[in-house]
Amino acid sequence: MKLVFLGPPGAGKGTQAEKVCERYRIPHISTGDILRHEMKISSELGVEAKGYIDKGLLVPDDLIIEMTKKRIAQEDCAAGYLLDGFPRTVSQAEALEAVSPTDYAINIDVPTSKIIKRICGRRVCKACGAVYHISSYTADTCEKCGGELYLRDDDKPETVETRLKVYEEQTKPLLGYYDKADCLYTIDSDRPVEEVFQSICTLLDGKTE
Ligand code: AP5
């Protein structure tokens with residue numbers, strides 16, 4: 001099962017990816033999480049990526065494609081994986097499809113009017129990366145590991161605006177790309193997390209039974 005999650009920033013890709021990967025026992029590969037880890041350890045890639053991420057821009061294709069190809073070549077991806085945040089440009093999609101064709105490209109869809117509220121209220125655990133929203137979780141520490149919660153640097157309103165523009169211009173065309181490849185499925189994410197999850201499971205169970 002090779003899955004790709006598409007959708008605008010803050011649509012709920014990471015939230016759903018965690019649940020889907022637990023249920024179907026496939027690795028969750030979030031290019032955003034990998035880049036944030038590289039930034040935290042100040043690797044060469046992390047330092048270079050920070051310049052783009054902090055401005056809300058995409059990291060150059062060549063860096064991301066190489067990084068992702070290496071990751072999906074690892075043994076734990078042999079039976080499938082979920083890519084969250086990759087591909088984000090048509091060049092990335094072409095590079096992926098050339099080495100590992102996608103079974104389901106799932107578009108996690110939410111109206112733009114809801115996105116700012118979701119992103120600006122998001123809090124992430126510094127230690128384990130767990131994601132919360134201030135509307136449903138008010139503690140300062142992570143309930144899973146006790147780590148400190150923080151607002152991502154790229155979640156400030158002015159950066160979010162750039163990210164949305166970048167999504168419209170560079171990533172949204174992928175919907176047409178995967179539609180043509182006949183593997184695009186759109187899931188309405190403007191519903192409670194559990195309902196969205198059930199819709200994804202219904203889609204995947206229907207296809208795997
Ligand atoms: P990345 O980390 O991938 O960010 P993103 O795609 O902008 O997505 P987000 O993580 O912001 O949102 P999400 O959809 O996962 O939502 P979440 O589940 O957290 O990328 C960051 C940056 O890295 C990019 O800008 C770029 O610079 C770089 N990068 C990464 N990949 C790249 C690539 N392939 N190429 C080039 N550059 C790349 O949910 C959001 C909030 O909403 C949370 O608080 C959550 O609790 C809440 N929520 C979730 N679902 C619901 C629901 N159903 N109802 C109510 N609230 C909900």
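Predicted model: local features only at pLDDT ≥ 70, side-chain atom pairs only at ≥ 80, totals over all residues.
Reader: How far is a backbone N or O atom of Leu57 from an oxygen atom of the ligand?
Author: Leu57 is one of the residues that come nearest to the ligand. Its backbone gets involved too, through an N or O atom facing a ligand oxygen atom at 2.6 Å.

Reader: How much of the ligand's accessible area does the protein cover?
Author: On its own, the ligand has 1100 Å² of accessible area. Of that, the protein covers 92%.

Reader: Which element gives the largest share of the shell around the ligand?
Author: Elements giving two or more residues to the shell are α1 (13-24), α2 (31-40) and β6 (131-133). By class, the shell has 14 nonpolar, ten polar and nine charged residues. The largest share is four residues, and it comes from α2.

Reader: Moving on to the helices, are α4 and α5 roughly parallel or roughly antiparallel?
Author: Two packed helices are described by the angle between their axes and the distance between the axes. The axes of α4 (residues 61-72) and α5 (residues 90-99) come within 10 Å and cross at roughly 25°. α4 passes α5 in a right-handed crossing. Angles under 35 degrees count as roughly parallel, so α4 and α5 are roughly parallel.

Reader: What about α6 and α7: are they oblique or roughly parallel?
Author: α6 (residues 112-120) and α7 (residues 157-171) pack with their axes 11 Å apart, at an angle of about 135°. That angle makes α6 oblique to α7.

Reader: Where is Pro87 found?
Author: Most peptide bonds are trans. The bond from Phe86 to Pro87, though, is cis, with omega near 0°. Pro87 itself is in the loop between β3 (81-84) and α5.

Reader: What phi does Arg25 have?
Author: Most residues other than glycine have a negative phi. Arg25 lies in the loop between α1 and β2 (28-30). Although Arg25 is not a glycine, its phi is positive, at about 50°.

How values were computed. Residues numbered from 1 in each chain as written. Heavy atoms only, no water. Near = heavy atom within 4 Å. Polar contact = N/O pair within 3.5 Å; in protein donor to acceptor, adjacent residues only side chain to side chain. Areas by Shrake-Rupley, 256 points an atom, 1.4 Å probe, with all protein chains shown as cover. Nonpolar A, V, L, I, M, F, W, Y, C, P; charged D, E, K, R; others polar. Axes fitted to C-alpha atoms, helices over the stretch in contact; angles between N-to-C directions. Parallel < 35°, antiparallel > 145°, perpendicular 65-115°, else oblique. Left-handed = near helix turned anticlockwise from the far one by under 90°.
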